[in-house]
Amino acid sequence: DGWDEVAAAYREASVEAINAFRQQYRTVDLAVCSRSEDYEALTAKLDVRGAVVLDALHEDQINDYLNRPALEALRAAMADDPELRDMSRVPFLLNAMAYAYAGETATTLRVAGGEDAAARRTHLFDLWVEKRLKAAPSEVYTPERVKGWLTWLAGKMTSFKSSVFYIETLQPTWLESRSLQV
């Protein structure tokens, strides 16, 4: 995932390395995720059996997805909010919007987050996380504990200069005490 995040100077070499791996291990399934434009700019191409391209959603797809009574306010807010309409073209964001904004009022959605795209996304994710945590009440996974664990993880990632978390990179030495183990 994120192949397009490989530094441009190393992309051609990474394609060659992936192709060499594929030649040696033909039976191993492989998925490489990238933005189309970055992949198309290469001279060398990946030796794969096929490709799946995810396009932005079209208006009719978005409208079909939002055609539920609980999402009436979201549809109304999107009618005159270009930022919400733009966000809805991304499948994950549309799903997050439907979950987070279900049952909200159109007035609340118009005001929430303001016009700024970053503020709008922050509001969306804050509400999404809040509703997800409430949906799975638990003595172990309280909002405070989850936020504490995520803060701890962010601190560890920062100290190891990592911006993407992979479970494979979690080290036992990160666990300073048994209190963090669940």
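Biologist: What is the relative accessible area of Lys131?
Modeller: Lys131 has 21%, so it counts as partly exposed. Buried means under 20% relative accessible area, exposed means over 50%, and partly exposed is in between, with a 1.4 Å probe and protein chains only. The areas come from the Shrake-Rupley method with that 1.4 Å probe, and for residues only the protein chains shown count as cover.

Biologist: What sort of model is this?
Modeller: It is a predicted model, in which local features need pLDDT of at least 70 and side-chain atom pairs count only at pLDDT 80 or more, while totals for chains, interfaces and linings use all residues. Residues are numbered from 1 along each chain as its sequence is written, and side-chain values use heavy atoms, with hydrogens and water left out.

Biologist: Back to Lys131. Which residue forms a salt bridge with it?
Modeller: Glu104 does, with the closest N and O atoms 3.7 Å apart. The two sit in distant parts of the chain, 27 residues apart: Glu104 is in the loop between helix H6 (91-101) and helix H7 (106-111), and Lys131 is in helix H8. A salt bridge here is a side-chain nitrogen of Lys or Arg within 4 Å of a carboxyl oxygen of Asp or Glu. Helices are DSSP runs of H or I with at least four residues, strands are runs of E with at least two, and both are numbered from the N terminus.

Biologist: Is Glu104 buried, exposed or in between?
Modeller: Glu104 counts as partly exposed, because its relative accessibility is 23%.

Biologist: What else is in that loop between H6 and H7?
Modeller: Gly103 is found there. Gly103 is exposed, since its relative accessible area is 65%. From Gly103 to Pro69 is 8.8 Å, C-alpha to C-alpha, although they are 34 residues apart in sequence.

Biologist: How many salt bridges are there in the whole structure?
Modeller: Five are found. One of them joins Asp47 to Arg26, with the closest N and O atoms 2.6 Å apart. That pair also links distant parts of the chain, being 21 residues apart: Asp47 is in the loop between H2 and helix H3 (59-65), Arg26 in the loop between H1 and H2. Asp47 is partly exposed at 25%, and Arg26 is partly exposed at 38%.

Biologist: And Glu130, which residue does its side chain meet?
Modeller: Lys134, in a salt bridge of 3.3 Å, N to O. Both lie in helix H8, four residues apart, which is about one turn of the helix. Glu130 is partly exposed at 40%, whereas Lys134 counts as exposed at 59%.

Biologist: New topic: H9. What span should helix H9 have?
Modeller: The 17 residues of H9 (143-159) should span 24 Å at 1.5 Å a residue, and the end C-alpha atoms are 24 Å apart, so the two agree. The expected span is 1.5 Å times one less than the number of residues.

Biologist: Which residues of H9 are buried?
Modeller: Val146, Trp149, Leu153, Lys156 and Met157. They cover an arc of only 100° around the axis, so they are on the same side of H9. The arc is that of the directions from the helix axis to the C-beta atoms.

Biologist: What do they pack against?
Modeller: The buried residues of H9 pack against helix H8 (117-135), where contact means heavy atoms within 4.5 Å. On the face turned away from the buried side are the exposed residues Glu144, Lys147, Thr151 and Thr158.

Biologist: Where is Val28?
Modeller: In the loop between helix H1 (8-24) and helix H2 (36-40). With Phe21 and Tyr25, Val28 makes a nonpolar surface patch of about 250 Å². Patches are made of residues with over 30% relative accessible area and no salt bridge, with like charges joined within 9 Å and nonpolar side chains (Val, Leu, Ile, Met, Phe, Trp, Tyr) within 5 Å. Val28 is partly exposed, at 33%.
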